[in-house]
Each structure stands twice: as structure tokens, then as C-alpha cells.
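This report describes selected local features of one protein structure. Please consult the sequence and the coordinates alongside the text.

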Amino acid sequence: DNLTGVAFSNDGTKFAAACQQSGVPAGASVWAVENGRGIRTLRGLSRQIARVCFSADTKLLATVAHDWQVGIWDLSSNRLLHVFHMPQGLYTADNTGLAFSPDGSQFAFMAGRNAMLLRVASGELIQNWRIPPGRVDELAFDPAGHLYAFHFESADLTAETLSRPR
């Protein structure tokens with residue numbers, strides 16, 4: 001009914017799509033670009049998927065649902081590795097930043113007032129940052145593994161809500 005998120009693999013051969021479909025459980029579909037054929041549908045979250053993100057080697061896929069659940073799947077085994085109940089952002093989950101480190105060992109999440117770094121294998125929290133309230137969160141790792149964040153914030157750094165972006 002409504003496409004809510006798309007992510008392409010680095011090699012351009014696959015893409016993941018999250019859709020809102022009436023009467024269908026939440027999920028993300030992975031497709032082969034070369035022929036448009038569906039590869040698999042991943043299930044395990046309770047709500048509609050808002051954003052999707054591949055790891056650099058396309059072996060992992062992360063999604064965030066509108067109830068702030070984050071799922072991480074191992075695509076080679078078609079297995080759901082983790083479901084995290086993340087801190088709610090200030091707006092809708094489609095403002096969430098998601099990123100895998102270049103080697104796929106770490107996963108970063110950012111929404112609203114929180115940014116987190118997790119170890120993929122164990123689900124262990126590595127780092128949690130409290131950030132000024134904001135929206136339009138984007139995350140990216142560079143090839144050396146440095147994490148970068150983009151986040152609209154209020155011009156007033158002491159603000160508890162987002163008033164005027166800067």
C-alpha cells in the first residue's frame with residue numbers, strides 16, 4: 001500500500017524495502033535488482049517498518065519499526081539475531097539514523113535525544129550518548145570505522161524540545 005523505506009546493498013545487486021500493507025504483519029522484503037525477483041521476507045517485529053539499512057557486505061540487515069523496535073537479521077542464515085526496544089525519538093521512526101560499521105561488527109542507532117553503539121554479535125551496548133533534541137537523524141561510518149552523525153537541533157542548546165533547527 002505504501003513504501004516506507006528502501007536501502008540498496010553496496011554492490012547494487014540487492015535492495016530491501018519496507019512497506020505498510022493493510023492486514024499484513026510488519027516486515028521488510030529483500031529483492032534482487034537484476035531481475036526484480038523477491039529473495040525473502042524477514043519477519044520478527046510487531047509494527048510497520050520505517051527504515052532499513054544493509055551492512056557493507058550485505059550479510060546483515062537492520063530495520064526500525066514505528067514502535068521503536070530495531071531488528072537485526074543475518075541474511076546468510078535468514079535468522080533474526082536481535083530485537084532491541086530502543087528509546088523513542090521525538091518524532092516518527094522514519095527520522096531514525098541506522099548504520100553498520102564497515103566490518104559489520106557494530107551497529108549505530110540515533111533518534112531524538114539518544115545515540116547508541118551496539119556490538120552486533122552479542123547485542124551488548126558499547127556506548128550511549130545523550131544528545132540535544134533533534135530530528136532528521138542520519139548516521140554513517142567512514143571506511144576507517146569513524147562514526148558520523150547528522151541531526152537537526154535547536155539553536156538554543158539548552159532547549160528540551162526542538163523549536164528552530166540550526
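Which backbone nitrogen does the side chain of D74 reach? The side chain of D74 reaches the backbone nitrogen of S77, at 3.4 Å.

The model is predicted, with local features requiring pLDDT of at least 70 and side-chain atom pairs pLDDT 80 or more, while totals for chains, interfaces and linings use all residues. Residues are numbered from 1 along each chain as its sequence is written, and side-chain values use heavy atoms, leaving out hydrogens and water.

**Two residues**

D74 belongs to strand β7, residues 69-74; strands are DSSP runs of E with at least two residues, numbered from the N terminus. D74 is buried and has no salt bridge. Buried means under 20% relative accessible area, exposed over 50%, and partly exposed in between (1.4 Å probe, protein chains only). A salt bridge requires a side-chain nitrogen of Lys or Arg within 4 Å of a carboxyl oxygen of Asp or Glu. P102 lies in the loop between β9 (97-100) and β10 (106-111) and is partly exposed because its relative accessibility is 34%.

| Pair | Quantity | Distance |
|---|---|---|
| D74 and R79 | nearest side chain of opposite charge | 5.3 Å |
| P102 and A140 | C-alpha separation | 9.6 Å |

Beyond four places in sequence, P102 is in contact (heavy atoms within 4.5 Å) with A56, F141, D142, P143 and G145.

**The sheet**

Four strands form an open sheet in the order β9-β10-β11-β12, with antiparallel pairing. β9 and β12 (125-130) each have a single partner strand, so one side of each lacks a neighbour in the sheet. Strands pair if DSSP finds at least two bridges between them; β10 and β11 (residues 114-119) have six.

Conventions. Lys and Arg count as positive and Asp and Glu as negative; His and the chain ends are not counted. A polar contact is a pair of N or O atoms within 3.5 Å; within protein, one must be able to donate a hydrogen and the other to accept it, and residues adjacent in sequence count only if both atoms are side-chain atoms.
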